[in-house]
Amino acid sequence: EPYICKEEWLRIVESRPIKATKANRVYLFTGMMRCPECGRTLCGSYDNKEYKGVKKEYRNYRCRGRYTATCEWGRSVSEIKIEKYLLRNLYKLLEDEISRVELEQNKPKAKPKTNIRALKERLRRLNITYMAGNKTDEEYLQEDAEIKALIKKAEEETPPEVNRDLTPLKELLETDFRSLYKTFNQEEKRRFWRSIIKEIKLDGNSACDVIFF
């Protein structure tokens with residue numbers, strides 16, 4: 001049985017705004033994959049195939065460059081195969097992502113090469129000295145520019161802190177998302193994938209990894 005109801009599930013995955021599609025045909029992964037050859041975003045396409053007298057529509061993704069002869073990657077990516085890969089591997093991908101981010105967040109913070117606090121204190125003292133009339137305008141402006149340049153350089157060299165909210169991914173990990181996913185229509189499926197995945201990595205025309213938001 002699912003741990004949560006469908007309404008609660010949609011609350012979790014709809015926290016990120018999604019643009020509505022203008023076309024009648026809904027592609028689940030539009031804008032989420034790049035061409036392995038030229039790096040362009042893959043666009044949706046479809047084929048109608050007949051099997052045992054029944055016609056069925058199959059959605060695929062192709063490189064935009066193939067239509068202008070600027071890219072030689074002439075392959076297509078099956079939406080069905082991408083969807084199966086994600087449904088089969090999402091739990092493992094989520095666990096790996098959460099572990100990776102938590103490990104990064106728990107690492108001891110690297111000390112900056114330059115003491116930014118000391119530089120700011122030096123700048124404060126310079127302002128006091130100047131206001132007291134103990135520095136000429138030329139001396140003040142030159143030293144002020146030098147200190148601010150050092151502060152800017154030090155801030156650029158300081159590694160950014162990893163401060164990412166993993167709550168949505170953890171909540172998703174605790175759900176029986178496969179059971180709920182079966183009840184979704186095409187647009188709800190699209191919203192779900194686009195709410196958690198920034199990019200799907202390809203190896204040839206198959207998915208091999210994802211980048212989460």
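This section describes the fold of a predicted model and then turns to selected residues within it.

The protein contains seven helices and five strands. Read from the N terminus, the order of these elements is α-β-β-β-α-α-α-α-α-α-β-β. Of the 213 residues in the protein, 31% are buried. Among contacts between residues at least 6 apart in sequence, 63% join residues that are at least 24 apart. The average pLDDT of the protein is 85, and 85% of the residues reach a score of at least 70. Residues 17-22, by contrast, have a pLDDT below 50, and this stretch makes eight contacts in the model beyond its near neighbours in sequence. Where pLDDT is low, predicted coordinates should not be read in detail.

Helix α2 spans residues 79-105 and bends by about 60 degrees at N89. At the start of this helix, a side-chain oxygen of S78 comes to within 3.3 Å of the backbone nitrogen of I80. The buried residues of α2 are E79, I82, E83, Y85, L86, L90, L93, L94, E97, I98 and V101. Two of these residues, E79 and Y85, are considered in turn below.

E79 belongs to helix α2. The relative accessible area of E79 is 4%, and because buried means under 20%, this residue counts as buried. The side chain of E79 is joined to that of Q186 by a polar contact of 3.2 Å. When residues up to four places away in sequence are not counted, E79 touches Y27, L28, F29, R59, N60, Y61 and Q186.

Y85 is also located in helix α2. With a relative accessible area of 12%, Y85 is likewise buried. Apart from neighbours within four places in sequence, the residues in contact with Y85 are L93, A207, C208 and D209.

The model holds ten aromatic pairs. In one of them, F29 and Y61 are arranged in a tilted manner, with 6.3 Å from centre to centre and 55 degrees between the planes. F29 lies in the loop between α1 (6-13) and β1 (42-51), whereas Y61 lies in strand β2 (residues 54-63), so the pair ties together parts of the chain that are 32 residues apart in sequence. F29 is buried, with a relative accessible area of 0%, and Y61 is buried at 0% relative accessibility as well. Both F29 and Y61 are among the residues touched by E79. Ring pairs also link F29 and Y61 into a cluster with Y27, Y91, F177, Y181, F184, F192 and W193.

Charged side chains are placed over aromatic rings at two sites described here. The charged end of R25 sits over the ring of Y46, at 3.6 Å from the ring centre. K49 lies over the face of Y58, at a distance of 5.9 Å from the centre of that ring.

T175 occupies the loop between α5 (167-173) and α6 (177-181). Although found in a loop, T175 is buried, with a relative accessible area of 4%. The side chain of T175 reaches the backbone oxygen of L172 at 2.7 Å.

R191 is part of helix α7, which covers residues 186-196. The relative accessibility of R191 is 23%, and this residue therefore counts as partly exposed. R191 and L28 are 163 residues apart along the chain, while their C-alpha atoms are separated by 8.0 Å.

K152 is located in helix α4 (residues 137-157). Because exposed means over 50% relative accessible area, K152 counts as exposed at 53%. The C-alpha atoms of K152 and I116 are 9.1 Å apart in space, and the two residues are 36 apart in sequence.

Technical notes. Residues numbered from 1 in each chain as written. Predicted model: local features only at pLDDT ≥ 70, side-chain atom pairs only at ≥ 80, totals over all residues. Heavy atoms only, no water. Bend = angle between axes of the 7 residues up to and from the residue. Helix = DSSP H or I, 4+ residues; strand = E, 2+ residues; numbered from the N terminus. Buried < 20%, exposed > 50% of the residue type's maximum accessible area, 1.4 Å probe, protein only. Polar contact = N/O pair within 3.5 Å; in protein donor to acceptor, adjacent residues only side chain to side chain. Contact = heavy atoms within 4.5 Å. pLDDT = per-residue confidence, 0-100. Phe/Tyr/Trp six-rings, centres within 6.5 Å; stacked < 30°, edge-to-face > 60°. Lys NZ or Arg CZ within 6 Å of the ring centre and 35° of its normal.
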